[in-house]
Amino acid sequence: MVGTPHSPFGGEPLVSNMAPHAASIGITRFHIGTPYLEWDARAAAIFDVGHDDRPALDIWRSRVHPDDTAVLRTLYGDARASIGAECIYRIIDRGSNIRHILTRSVSIEHAPDGSPSVLTGVVSLVEPPTGLHVDLMPDVRWSRILDCVSLGFAIVDEAMVLRYINNQTERHLGVSRTEVVGRHIHEALPETEGSYFDDLHRDAIATRGEVTRVVRALFLPDRTLEVTANYVDGVVAISFRDVTDFAATTSSLLEAYRELLVKSRVDDLTGVLNRAALLERIERTTAETAAPAAVMFIDLDDFKAINDTYGHLVGDEVLRTTAARLVAICDSGTVFGRIGGDEFVAAIFDDTLLGRTRSAADIEREMVIATSPPIDVVDGHVSVSISIGVAHNTGASTLEEMLTQADTALYKAKQSAASNRTDRAPWSP
């Protein structure tokens with residue numbers, strides 16, 4: 001077949017004026033009777049065209065690894081003899097680096113006598129898996145690589161009639177090509193009706209481009225697939241790739257990131273917002289709505305005495321329980337967190353959507369009541385009380401000013417509570 005006027009390895013080529021583009025899946029079209037080759041921008045990038053002004057076919061010939069021309073002759077012959085064929089071959093880019101190209105050639109356009117007139121190729125870069133012996137016969141080596149990089153490939157037309165499925169798809173569906181090709185995909189494979197196939201097919205046709213989804217496999221239990229649909233000359237080329245392990249790893253990484261993010265924003269002891277996250281949330285809410293109507297500084301009375309007398313384990317339990325009781329009083333219009341030690345801050349925003357009716361005084365009173373019951377600890381109970389300093393927004397107050405005013409109000413409240421406090425033991429058996 002080499003050197004004949006009907007082979008891409010011989011004949012007059014086509015001038016390609018398409019610029020390089022970030023490559024994912026590219027499209028090539030080889031016109032058999034002329035012959036000439038054209039490709040889209042993504043294919044041009046895959047074959048590393050750069051600023052080469054030569055015809056596309058000349059560039060392609062110069063890129064193909066000399067040891068893989070036989071593989072491509074076989075591909076070309078198979079594609080002409082049937083509706084499609086696929087293989088992996090190597091090219092040498094401008095930097096003398098080896099690139100592995102996965103190509104699928106499909107006969108879509110035909111001459112009046114029924115012979116193929118245009119071979120449309122779907123091409124993409126692949127990374128060959130490690131561990132394959134270089135002394136394997138080339139066809140065996142490439143077949144194993146092909147099995148690794150692609151779970152399957154199918155062609156459906158705009159009416160969703162199956163035009164082609166490859167060997168891998170046959171194996172995984174458990175059907176032969178003759179059983180399904182020429183039939184509507186929903187009739188041939190009822191599981192596909194209402195599935196991601198419909199969405200991919202519709203979107204590929206609507207965009208006249210490439211659409212990718214990561215989905216749960218319909219025919220392989222507990223597997224995750226990356227499915228790419230590409231509109232090509234009136235049909236949709238669909239590629240399937242098993243990404244189960246990658247998806248699991250990505251999910252684990254995302255979960256670890258979420259956990260790290262939560263830990264970085266949450267106080268380890270009490271589970272409420274820590275100082276940094278509290279101030280950031282107040283500032284963000286202020287930017288989105290308005291400054292808080294009031295800011296509260298909340299402090300446990302005589303907490304140091306509890307720690308000194310009964311130990312830090314009891315003190316930690318008192319802090320956890322008190323924080324939980326205070327959070328229970330807060331609603332969607334209140335940002336609450338631990339500022340440090342036994343001190344907490346609550347910023348109260350006007351919640352017009354909820355029609356706020358609770359004033360800062362109402363919330364203050366409810367917090368005092370909620371934290372007053374004794375706290376159960378090992379071998380007894382600890383009674384605690386809180387003091388609250390409130391700063392109201394005068395219309396020109398900054399967050400820093402309101403926090404300072406609330407701290408000052410807290411100091412006065414603690415002095416008043418100390419002078420009025422009766423003698424009582426914080427611990428009772």
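Colleague: How many helices and strands does the protein chain have?
Modeller: The protein chain has 14 helices and 17 strands. Keep in mind that this is a predicted model.

Colleague: What share of the residues count as buried?
Modeller: Of the chain's 429 residues, 45% count as buried. The protein chain exposes about 21,600 Å², and carbon and sulfur atoms supply 54% of that area.

Colleague: And what share of the contacts link residues 24 or more positions apart?
Modeller: Taking contacts with a separation of 6 or more, residues 24 or more positions apart account for 55% of them.

Colleague: Where is I32 found?
Modeller: In the loop between strand 1 (25-31) and strand 2 (36-39).

Colleague: Is I32 buried or exposed?
Modeller: I32 counts as buried, because its relative accessibility is 3% and the cut-off for buried is under 20%.

Colleague: Let's talk cores. Which residues have the most contacts inside the largest nonpolar core?
Modeller: Those are M296, I298, V318, F336, F344 and M367, in a core of 27 residues. Several elements each supply at least two residues of this core, including strand 11 (294-300), helix 11 (303-310), strand 13 (343-348) and helix 13 (360-370). The largest share comes from helix 12, with 6 residues.

Colleague: Changing topic: how many salt bridges does a search of the whole structure find?
Modeller: It finds 20 salt bridges. Side chains of opposite charge can pair when their charged atoms come close.

Colleague: Which residue does R42 form a salt bridge with?
Modeller: R42 pairs with D40, and the closest N and O atoms are 3.8 Å apart. Both R42 and D40 are buried.

Colleague: And what about R183, which residue does its side chain meet in a salt bridge?
Modeller: That would be E187, at 3.6 Å from N to O. R183 counts as partly exposed, because its relative accessibility is 29%.

Colleague: How far apart are the closest N and O atoms of R202 and D203?
Modeller: They are 3.4 Å apart, in another salt bridge. Salt bridges that share partners also join D199, R202, D203 and R213 into one network.

Colleague: What is the nearest side chain of opposite charge to D157?
Modeller: For D157 it is R163, 4.7 Å away. D157 is buried yet has no salt bridge, because the distance to R163 is 4.7 Å and a salt bridge has to be within 4 Å.

Colleague: So what does the side chain of D157 reach?
Modeller: The backbone nitrogen of A159, at 2.9 Å. D157 is found in strand 6 (residues 152-157). Not counting residues up to four places away in sequence, D157 touches R163, H201, G234 and V235.

Colleague: Last one: where is the place of E170?
Modeller: E170 is in helix 5 (residues 167-173).

Colleague: Why does E170 count as buried?
Modeller: Because the relative accessible area of E170 is 17%, and buried means under 20%.

Colleague: And which residues does E170 touch?
Modeller: E170 touches I165, V175, S176 and R177, again not counting residues up to four places away in sequence.

Notes. Residues numbered from 1 in each chain as written. Predicted model: local features only at pLDDT ≥ 70, side-chain atom pairs only at ≥ 80, totals over all residues. Heavy atoms only, no water. Helix = DSSP H or I, 4+ residues; strand = E, 2+ residues; numbered from the N terminus. Buried < 20%, exposed > 50% of the residue type's maximum accessible area, 1.4 Å probe, protein only. Contact = heavy atoms within 4.5 Å. Areas by Shrake-Rupley, 256 points an atom, 1.4 Å probe, with all protein chains shown as cover. Lys, Arg positive; Asp, Glu negative; His and termini not counted. Polar contact = N/O pair within 3.5 Å; in protein donor to acceptor, adjacent residues only side chain to side chain. Core = buried A, V, L, I, M, F, W, Y, C linked by side-chain atoms within 4.5 Å.
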